Amino acid sequence: MSRFVLITPDVGFDGRLRQAVAGGLQGGVQTFFTSLLPADPNELFTHLNQEQPEVLVLGPEVPVDEALRLATVLNVSYPELSVILAAEPDPGFLLQAMRAGIRDIVPPDSDAAQIRVLLERASQSFATRHRTLSPPQATESNKGLVIGVFSPKGGVGKTTIATNIAVGLGKVAPMSVVIVDLDLQFGDVASGLYLDPEHTVTDAVSPAASQDSLVLKAFLTVHPGSIYALCAPPTPIDADEITPEQISRLLEQLSEQFQYVVVDTAPGLPEIGLAAMEKCTDVVWVSGMDIPSVRGLRSGLDVLRQLNILPETRHVVLNMADAKNGLTVQDLESTIGAPVDVSIPRSRAVALSTNRGIPVLQEPVKDPATKGLNQLVERFNPAWRAKSQRKLHRRVVV
Ligand SMILES: Nc1ncnc2c1ncn2[C@@H]1O[C@H](COP(=O)(O)OP(=O)(O)OP(=O)(O)O)[C@@H](O)[C@H]1O
Ligand SMILES: [Mg+2]
């Protein structure tokens with residue numbers, strides 16, 4: 001059985017590592033002479049045809065980004081395994097490596113004696129973790145609410161509302177909320193929450209994550225409002241590769257792990273949005289107070305009725321409400337064919353919050369818009385729902 005597994009095309013490094021092991025360490029070495037890393041770590045262990053090894057060395061010439069990604073996944077699925085990476089130990093990189101769960105860095109030109117010290121240390125770390133780690137927890141069987149924010153027209157405030165719902169719910173259920181940016185091409189949840197995510201939806205739908213919800217959780221970004229975020233891919237090209245089926249699976253997994261999954265979407269009803277809607281327990285419809293936006297919402301709702309995919313619990317939100325623009329709430333309701341449940345006035349504080357990347361509900365801001373946003377958040381509180389079953393759709397007055 002091999003205690004040590006090495007992946008590298010560098011034959012010289014392999015020789016020095018074998019010399020290090022032969023110089024007094026128990027167990028064998030198995031080397032994969034390649035710079036390609038498996039997308040799914042289970043593949044690695046299947047090839048080994050044995051129980052899990054103790055130390056994995058990602059040797060010289062393995063792409064560093066790939067190595068960090070594999071280490072992140074392994075750190076969750078095989079927390080006992082010690083991963084060592086061959087790289088120059090510069091301080092900025094060390095922090096990145098530490099976050100990915102890499103146990104140690106070995107400079108690529110290290111001699112056998114130096115490698116041996118690192119391998120010994122890594123084996124000890126394996127032994128300690130092997131003893132202390134408890135078996136994985138069973139996953140929650142109760143599924144959480146999946147709240148999708150939709151609108152046929154763009155720019156009506158979906159992202160503003162989705163980020164505020166998430167942050168608002170984070171106060172009542174800390175670390176039990178995840179916001180997912182399904183405006184895959186041009187999503188701006190990351191900027192709305194002032195996040196610079198290391199991982200995105202692309203990682204979250206990878207084979208490793210879709211098969212293991214703990215791996216998926218490693219790809220989420222923590223936000224200071226005690227919520228998790230899964231942001232859109234960095235480029236529209238990456239977004240094109242994501243399928244509706246992958247999105248269905250992703251939302252299924254997240255709803256098993258979180259009490260609340262809040263989904264921001266792209267305008268209109270693209271395939272990804274429809275796949276998400278099918279998984280929603282609650283749909284928040286956002287309309288502006290202008291004729292195109294209201295008409296858009298009406299035709300959107302008609303199409304969905306025909307397709308028979310209208311989730312039962314809907315919340316119609318009138319955003320940027322303004323009593324002086326010539327339309328009344330009654331005009332809106334008769335066009336949409338449904339009552340408006342929550343009204344959020346146009347507000348300078350909200351516009352400013354987008355540019356700062358701090359949703360208004362994150363700070364104690366006194367502003368008319370926060371009242372409407374809080375009312376919306378309250379609609380997802382189980383106590384409110386139980387009390388208000390019969391008046392779920394109550395007329396608002398602007
Ligand atoms: N109630 C409000 N008062 C003032 N400004 C608002 C309000 N709601 C949203 N905005 C502003 O409107 C702009 C568009 O909002 P947002 O990005 O949330 O819309 P969106 O529907 O997500 O747009 P897209 O369809 O492009 O994704 C932002 O600059 C935001 O600050
Ligand atoms: Mg948006």
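What does Met 320 count as, going by its relative accessibility?

Reply: Happy to. Met 320 counts as partly exposed, because its relative accessibility is 26%; buried means under 20% relative accessible area, exposed means over 50%, and partly exposed lies in between, using a 1.4 Å probe and protein chains only. A word on the ground rules: this is a predicted model, in which local features need pLDDT of at least 70 and side-chain atom pairs count only at pLDDT 80 or more, while totals for chains, interfaces and linings use all residues. Residues are numbered from 1 along each chain as its sequence is written, chains are lettered from A and ligands numbered from 1 in the order in which they are written, and side-chain values use heavy atoms, with hydrogens and water left out.

Back to your residue. Met 320 is found in strand 12 (strands are DSSP runs of E with at least two residues, helices are runs of H or I with at least four, and both are numbered from the N terminus). The phi angle of Met 320 is near 55°, a positive value in a residue other than glycine. Glu 61 also has a positive phi, near 75°. Glu 61 sits in the loop between strand 3 (55-58) and helix 3 (64-77), and it counts as exposed because its relative accessibility is 57%.

Next, ligand 1. Around it are 18 residues, of which Lys 158, Thr 159, Thr 160, Ser 347 and Thr 354 come nearest; a residue is near a molecule or strand if one of its heavy atoms lies within 4 Å of it. By class, this shell holds 7 nonpolar, 8 polar and 3 charged residues. Here Ala, Val, Leu, Ile, Met, Phe, Trp, Tyr, Cys and Pro count as nonpolar, Asp, Glu, Lys and Arg as charged, and the others, Gly among them, as polar.

The backbone takes part too. A backbone N or O atom of Gly 155 is 2.9 Å from an oxygen atom of ligand 1, and a polar backbone atom of Val 156 is 3.1 Å from an oxygen atom of the ligand. For Ser 347, a backbone N or O atom lies 2.8 Å from a nitrogen atom of ligand 1. On its own, ligand 1 has 630 Å² of accessible area, and the protein covers 79% of that (Shrake-Rupley method with a 1.4 Å probe; for residues, only the protein chains shown count as cover). Strand 12 (313-321) is among the elements that give two or more residues to the shell, along with helix 6 (158-172), strand 13 (342-345) and helix 16 (348-356).

Thr 370 is found in helix 17 (residues 368-378), and it counts as buried because its relative accessibility is 9%. Leaving aside neighbours within four places in sequence, Thr 370 is in contact (heavy atoms within 4.5 Å) with Val 360, Leu 361 and Val 365.

Finally, the wider view. The chain has 18 helices and 13 strands, and buried residues make up 52% of its 398 residues. An automatic or database assignment sets the domain bounds, giving domain 1 (2-132) and domain 2 (145-391). Their centres, taken over C-alpha atoms, are 41 Å apart, and the contact takes 9 residues from domain 1 and 10 residues from domain 2.

Conventions
Polar contact = N/O pair within 3.5 Å; in protein donor to acceptor, adjacent residues only side chain to side chain.
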